[in-house]
Amino acid sequence: MTDKTIDLDRHRGMAAQKATELRRLLTNVEANEKDLRLRRDELESHLIAAPAANWHEAADKASYLLNCFAATPAAHDLRRQKLIAAVLADFKRLADES
């Protein structure tokens with residue numbers, strides 16, 4: 001036996017190293033997406049569980065929905081993007097005033 005470790009990646013070709021790195025990255029992305037879906041489901045369950053206690057909470061719920069919509073292809077229209085940004089800015093301004 002030897003105490004020296006062998007770097008197996010060094011003995012493989014560049015294409016094989018890149019393929020391995022891509023598989024690792026894909027596995028990480030898939031795990032992160034699954035974790036994000038679980039957290040999003042938990043948040044949405046929490047938002048649905050009870051009505052908003054005040055306007056600030058209602059604005060938070062509406063902001064969440066607008067951000068979800070903003071990520072869809074239907075929201076890529078420039079006018080809709082401006083409208084979403086304006087409504088979110090209104091929510092922030094009104095929340096800061098109260």
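Is Ser-63 buried or exposed? At 16% relative accessibility, Ser-63 counts as buried, where buried means under 20% relative accessible area, exposed means over 50%, and partly exposed is in between (1.4 Å probe, protein chains only). Keep in mind that this is a predicted model, in which local features need pLDDT of at least 70, side-chain atom pairs count only at pLDDT 80 or more, and totals for chains, interfaces and linings use all residues. Residues are numbered from 1 along each chain as its sequence is written, and side-chain values use heavy atoms, with hydrogens and water left out.

**Overall layout**

- The chain has 3 helices and 0 strands, and from the N terminus on the elements run α-α-α. Helices (H or I, at least four residues) and strands (E, at least two) are DSSP runs, numbered from the N terminus.
- With a radius of gyration of 23 Å, against the 13 Å that the globule rule gives for 98 residues, the chain is well over that mark, so it is more spread out than a compact globule. Here the radius is taken over C-alpha atoms, and the rule is 2.2 Å times the number of residues to the power 0.38.
- Taken along the principal axes, the C-alpha atoms fill a box of roughly 70 × 35 × 25 Å.

**Surface and contacts**

- Buried residues make up 6% of the 98 residues in the chain.
- The accessible surface comes to about 8700 Å², and 60% of that belongs to carbon and sulfur atoms. These areas come from the Shrake-Rupley method with a 1.4 Å probe; for residues, only the protein chains shown count as cover.
- Take the contacts (heavy atoms within 4.5 Å) between residues at least 6 apart in sequence: 22% of them join residues at least 24 apart.

**Around Ser-63**

- Ser-63 sits in helix 2. Setting aside neighbours within four places in sequence, Ser-63 touches Leu-88 and Phe-91.
- Phe-91 belongs to helix 3 and is partly exposed at 24% relative accessibility.
- Between Phe-91 and Ser-63 there are 7.9 Å in space, C-alpha to C-alpha, although they are 28 residues apart in sequence.
- With neighbours within four places in sequence left out again, the contacts of Phe-91 are Ala-59, Ala-62, Ser-63 and Leu-66.
- Val-87 is another helix 3 residue, partly exposed with a relative accessible area of 26%.

**Helix 1 end**

- Ala-49 is found in helix 1 (residues 14-49) and is exposed, with a relative accessible area of 64%.

**The largest pocket**

- The largest pocket has a volume of about 160 Å³. On a 1 Å grid over the protein atoms alone, a pocket is an open set of points where a 1.4 Å probe fits, with protein on both sides within 12 Å along at least five of seven lines. Grid points are joined across faces, edges and corners, and the volume is the space filled by probe spheres set on the points.
- Its lining (residues with an atom within 4 Å of a point) consists of Trp-55, His-56, Ala-58, Ala-59, Phe-91, Leu-94, Ala-95 and Ser-98.
- Helix 2 (55-70) and helix 3 (78-97) are the elements that give two or more residues to this lining, and helix 2 gives the most, with 4 residues.
- By type, the lining splits into 6 nonpolar, 2 polar and no charged residues. Nonpolar covers Ala, Val, Leu, Ile, Met, Phe, Trp, Tyr, Cys and Pro; charged covers Asp, Glu, Lys and Arg; the others, Gly among them, are polar.
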